[in-house]
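Welcome! Take a look at it first, and then we can go through it together.

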Amino acid sequence: MNVEELKKAVAREALSFVEDDMVVGLGTGSTTSYFIRLLGKKVMEEELEVYGVPTSHQSRILAIESGIPIASLDEVDAIDIAVDGADEVDPDLNLIKGRGAALTMEKIIEYRAGTFLVLVDEGKLVERLGQKMPVPIEVIPAAWRAIAEELEVFNATAELRFAAKKDGPVVTDNGNFILDARFERIDDPLDMEIELNTIPGVVENGIFADIADVVLVGTPEGVKRLE
Ligand code: 5RP
């Protein structure tokens, strides 16, 4: 099974968490895109009353195309479940997220959700956060260089994220830049998450400590559930 098949398998499994009358936070990224398309089918076939609350322009457009009625965060009383991918998952279910640059809205919506369901393939499991992936940090554009320098205090080296063709920095849905920070070691993810957000000009960072409720992991042997 290739990685795309593992992603599809977890996305299919995630459908069983969605029931009629639910408000569903819709994450961003390739794994979540499979989920959104499948959810659209389920909503239409089973005539469900489900609203999606998108975490990005990307997931908003995909939800509309998939036939999922959408609402914004300020239009709903509560979010029953949020479903999203991740870039790394440690044994305590702490996450790194933000390869899709949507981390700020993702964190706001996933923090509010009754259940936060994470969908990954087994390649995303790590012993320690930061092992493979940098931590994305959304920053106010004018502050990017000052914050990159400030991150040296944390023994991190940070790079401004550029768009694929290198024709300019990635700009988030909120009009900000992304720094990708590589740390020597992240011993305490929750502490690091809080500390990073105290740097002036940091909008949010991609450490999601202690907020995932269930992680579905795609493996060649089937979908495993961690909680
Ligand atoms: C976007 C994210 C994504 O959920 C994360 O990068 C995983 O993406 P993919 O499912 O494409 O591997 O955090 O900001």
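In what order do the four strands of the open sheet come? The order is E8-E9-E7-E10, and the pairing is antiparallel. Please keep in mind that this is a predicted model.

**The open sheet and its helix**
- At the edges of the sheet you will find strand E8 (156-160) and strand E10 (202-205), each of which pairs on one side only.
- On average, neighbouring strands of this sheet are turned by 30 degrees against each other, direction ignored.
- Five bridges join strand E7 (residues 135-139) to strand E9 (residues 177-183) in the antiparallel sense.
- Opposite Glu138 stands Ile178 in E9.
- Helix H4 (residues 103-112) lies across E7 and E10, and runs at about 65 degrees to E10.

**Helix H3 and its surroundings**
- In helix H3 (residues 57-65), the buried residues are Gln58, Ser59, Arg60, Leu62 and Ala63.
- These buried residues pack against strand E1 (23-26), helix H2 (30-45) and strand E2 (51-54).
- After H3 comes Gly67, with a positive phi near 85 degrees.

**Two positive phi values outside glycine**
- Asp21 is not a glycine, yet its phi is positive, about 70 degrees.
- Look for Asp21 in the loop between helix H1 (3-14) and E1; it counts as exposed because it has 9 C-beta neighbours inside 10 Å.
- Leu93, also a residue other than glycine, has a positive phi near 65 degrees.
- The loop between strand E4 (88-89) and strand E5 (95-96) holds Leu93, which is partly exposed, with 19 other C-beta atoms within 10 Å.

Note on methods
Residues are numbered from 1 along each chain as its sequence is written. This is a predicted model: local features need pLDDT of at least 70, side-chain atom pairs count only at pLDDT 80 or more; totals for chains, interfaces and linings use all residues. A residue is buried if 20 or more other C-beta atoms lie within 10 Å of its own, exposed if 12 or fewer, and partly exposed in between; C-beta atoms are placed from the backbone. Two residues are in contact if their C-beta atoms, placed from the backbone, lie within 7 Å. Two strands pair if DSSP finds at least two bridges between them. Axes are lines fitted to C-alpha atoms, for helices over the stretch in contact, and angles run from 0 to 180 degrees between N-to-C directions.
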